[in-house]
Amino acid sequence: MESENPSTRRFREYLRIKTVHPDPNYDKALNFLAELANEIGLPWKTVLTNSNPRREVGILTWEGTKPYLPSIMLNSHMDVVTVSADEWKYDPFLAHKDETGVIFA
């Protein structure tokens, strides 16, 4: 079997974090992203949300070579709705990659 691209390997590690409701593991997901930011040398911080003062969001900053230009913001969420493993071809938290490269998660 061909070795896996490091970016794909890390993505699959992230997909394996159980952020499923009703009890999403936000801390594990935030820690994963903080470690990744540290590994690649990008600033990372967490801030409390306005909508839920017990929840934090992570902010990773990647300053460009021309910081005077307009910036962009990419946003995503970590949590997922409840899943029934019996409705999946593969366990949804294995992040299985098939022989064609499709990742099931």
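Start by selecting Lys97, which is partly exposed at a relative accessible area of 28%. This is a predicted model, so keep that in mind as you click around. Glu4 sits in the segment before H1 and Lys97 in strand E3, so the pair links distant parts of the chain, 93 residues apart. Glu4 is partly exposed too, with a relative accessible area of 25%.

Next, move to helix H1 and pick Arg9 and Glu13. Their side chains meet in a salt bridge, 2.6 Å from N to O. The two are four residues apart in the helix, which means about one helical turn separates them.

Stay in H1 and select Arg10, then Glu39 over in helix H2. They form a salt bridge at 2.8 Å between the closest N and O atoms, and they are 29 residues apart. Now show Arg9, Arg10, Glu13 and Glu39 together: salt bridges with shared partners join them into one network.

Last stop: the largest pocket, with about 1,400 Å³ of space. Select Gly58, Ile59, Leu60, Leu74 and Asn75, the closest to its centre among 37 lining residues. Then colour H2 (26–40), which gives the largest share of the lining, seven residues. Colour the lining by type and you'll get 22 nonpolar, nine polar and six charged residues.

How values were computed:
Residues are numbered from 1 along each chain as its sequence is written. This is a predicted model: local features need pLDDT of at least 70, side-chain atom pairs count only at pLDDT 80 or more; totals for chains, interfaces and linings use all residues. Side-chain values use heavy atoms; hydrogens and water are left out. On a 1 Å grid over the protein atoms alone, a cavity is a set of points where a 1.4 Å probe fits but cannot get out, and a pocket is an open set with protein on both sides within 12 Å along at least five of seven lines; lining residues have an atom within 4 Å of a point. Grid points are joined across faces, edges and corners, and a volume is the space filled by probe spheres set on the points. Ala, Val, Leu, Ile, Met, Phe, Trp, Tyr, Cys and Pro count as nonpolar, Asp, Glu, Lys and Arg as charged, and the others, Gly among them, as polar. Buried means under 20% relative accessible area, exposed over 50%, partly exposed in between (1.4 Å probe, protein chains only). A salt bridge is a side-chain nitrogen of Lys or Arg within 4 Å of a carboxyl oxygen of Asp or Glu.
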